[in-house]
Amino acid sequence: MTTPLKISAATLTKLAKLGIRHRADLLLHLPLRYEDETELVSLADVEPGETVQVQGVITHNEVLYKPRKILVCRLQDKEDELYLRFLNFYPSQIKLLAVGRQVRAIGEARIGYFGLEMVHPKCRAVSDKTQLATSLTPVYPTTAGLSQLTLKKLIANALEVLNPADPLPEKFRHNLNLPGFFDSIRLLHNPTTDIAACTLADKSHAAWRRIKFDELLAQQLSMRVHHKERSRRIAPALPPQGHYTDSLLKILPFSLTKAQQKVYAEISADLARPHPMQRLLLGDVGSGKTIVAALAALQAIENGYQVALMAPTEILAEQHYLKLTEWLSPLGIVPVWLSGSLKKKDKRVAAELIASGETWLAIGTHALFQEQITFHKLGLAIVDEQHKFGVQQRLALHAKGKQPVAPDEKSSEPHQLMMSATPIPRTLAMSYYADLDVSVIDELPPGRTPVITKLVSDTRREEVFERVRAACMTGAQAYWVCPLIDESEVLQLQNAQETFELLTDTFPDLRVGLVHGKMESAEKVRTMSAFKAGELQLLVATTVIEVGVDVPNASLMVIDHAERMGLAQLHQLRGRVGRGSAQSLCILLYHKPLSELARTRLKVIFENTDGFVIAQQDLQLRGPGELLGARQSGVAMLRFADIEADEDLLEHAREVADELLSDYPDAARTYLHRWMANKHDYLHV
Ligand code: ADP
Ligand code: MG
């Protein structure tokens, strides 16, 4: 009988960094990849580009300074030679590779400066008797100071002392043709030589499929449990009363589209229930989400509750503030404005209005959800462009959401409405967003003319200048969006400033304005209002205008260095035009040479206008991590499964999750415990 290995405190700390807190977690710490040490390739047969294991005698060992310290050794096998190069190395490595030593090296061979070489190969000293490995060697994800060897020992021990039962009822295993859990785990830690290495590398092997299925199933279960758990929590029931909402609909200069009516009906029904709503309102740029938010707000206010509307940037929040003031003040509801850049005194005044309940509607940036702000009776929190918020802000909002809506209602919490113009592709909706209810506005208001998109090389910049001038001369307005500059906000501002000066000089007859993120907010607001009022004809901007800015008369958009921007960003920026009845044009200026990725992105944005299709392409190009944005670190990311490639497993996991919850609650619990135990705190922010 094997006994569990004792693990030192230092090692425990390192394991915790890898998310390993219990011995059983070691079982699921699966290899990142495998190395093939079962074969030796003679140097004469090595092809550049291949990862191989070779063996020979060290004939040269030298530390060079060119200009950084590097270790260069030469390995000889019969008539042939191979150079081993190390940019970072320890004294022990110099010793290991001493001249005369017999060494086995594994790495990718390539043609380098001296000829055939390997950079940072894995080396070990051997004798003529050293045997070859009989199975592929797993390589584990690890952290500084924790060696592969230590991990291997701990995992091997866990495999011996633990013998977990398979939580998946036989019926499903049989129907889905999946191998047993423990057999799969064991195989992935110690694959036998008869397994095709490629099925391990691309995770198509049945054992990998079983593990990926379990992971997806656990994710589905946790999402469902969270969703259900909400119906046990209490929120104020805010049924439609009709007096404010009807009045607003009467004074609006347009009538709601069918899609807007449908989503408002869904939201309205949620608000009427005594459980917290958590609904995501999706609608492409320009589809008219703001009016839906306004109606939801009025429904809460009609019931005597306060509403908070939060936007990720000052420009956008300000715009909502102006729009809602215009719509709601005829009804006697005057919103209050709150942002981080308000003067201390004004902030205090706003905070008091919110705390006393004198104000019904507070609009602002995430400052709304800072500690000092308490609501008298918050019934509904609306978050615009929710994917733009960082994790910290979501945590703050979540904490605020948990506060009782009013001092005398201890257990009740507000409803939440999140809005986003970034559509969720199907597989994302089925996995990471499965805990939310989703409403979709799937049509644009009538009378819009589709934007024409042109790709123009920046060697033709002068022509674009002329185009901008011509458009402005006919009464149109234009945006000039300055490039993103990686990791340097300073350079970005400098570039915006320079572009502004250049365009001001080039067009002495045009009124040109500038907005960027670091501007004082009063000035930012002044410039935006001037542009909105038509006093400025051309607005030079950084990507701060990316979200939500709404100036219907603007019909020309130039995006400089469009090749540096992501798809979602390009789509959002382009959505700033085409909001009026005039034909709009979006010019994407690009700078050659284009990377493969940039070329693909520009092609996608040129060929598509449907935000849904663009998001789908984005998911394929970038993977879910980036698309999820703020949600990424909030939701347990999948370690093994890939929702796109494993869509079939995801579908099955969805079905099995339902049955497990209703018929096999113990199995469901085991899954949640095994896969989610360490993630719970972060799961739902
Ligand atoms: P988004 O969904 O991108 O937030 P907005 O709410 O800013 O879109 O709406 C875009 C523009 O369309 C605004 O000027 C808004 O007033 C207008 N709008 C919204 N709904 C309608 C409608 N049903 N008919 C006509 N115009 C509308
Ligand atoms: Mg909007």
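Which residue forms a salt bridge with K323? The partner is D550, and the closest N and O atoms of the two are 3.9 Å apart. Welcome to this predicted model, in which local features need pLDDT of at least 70 and side-chain atom pairs count only at pLDDT 80 or more, while totals for chains, interfaces and linings use all residues. Residues are numbered from 1 along each chain as its sequence is written, chains are lettered from A and ligands numbered from 1 in the order in which they are written, and side-chain values use heavy atoms, leaving out hydrogens and water.

**Domains and their contact**

- The domain assignment, with bounds from an automatic or database assignment, gives domain 1 (39-132), domain 2 (243-441) and domain 3 (452-608).
- Domain 2 and domain 3 have C-alpha centres 29 Å apart.
- Their contact (heavy atoms within 4.5 Å) takes 16 residues from domain 2 and 16 residues from domain 3.
- About 1300 Å² is buried between domain 2 and domain 3, with carbon and sulfur atoms giving 59% of that; buried area is the accessible area (1.4 Å probe) that two parts lose on being put together, summed over both.
- Between domain 2 and domain 3 the count is 1 salt bridge, a salt bridge being a side-chain nitrogen of Lys or Arg within 4 Å of a carboxyl oxygen of Asp or Glu.

**Salt bridges to look for**

- A search of the whole structure finds 32 salt bridges.
- D550 also forms a salt bridge with R579, where the closest N and O atoms are 2.7 Å apart.
- D550 lies in the loop between β19 (538-541) and β20 (554-559) and R579 in the loop between α19 (567-574) and β21 (585-590), so this pair ties together parts 29 residues apart in sequence; helices (H or I, at least four residues) and strands (E, at least two) are DSSP runs, numbered from the N terminus.
- D550 counts as buried because its relative accessibility is 18%, and R579 is buried at 15%; buried means under 20% relative accessible area, exposed over 50%, and partly exposed in between (1.4 Å probe, protein chains only).
- K171 forms a salt bridge with E659, the closest N and O atoms being 2.6 Å apart.
- That pair links distant parts of the chain, with K171 in helix α5 (residues 170-176) and E659 in helix α24 (residues 647-663), 488 residues apart.

**A buried residue**

- I382 sits in strand β13 (residues 378-383) and counts as buried at 1% relative accessibility.
- Beyond neighbours within four places in sequence, the contacts of I382 include A293, V307 and M419.
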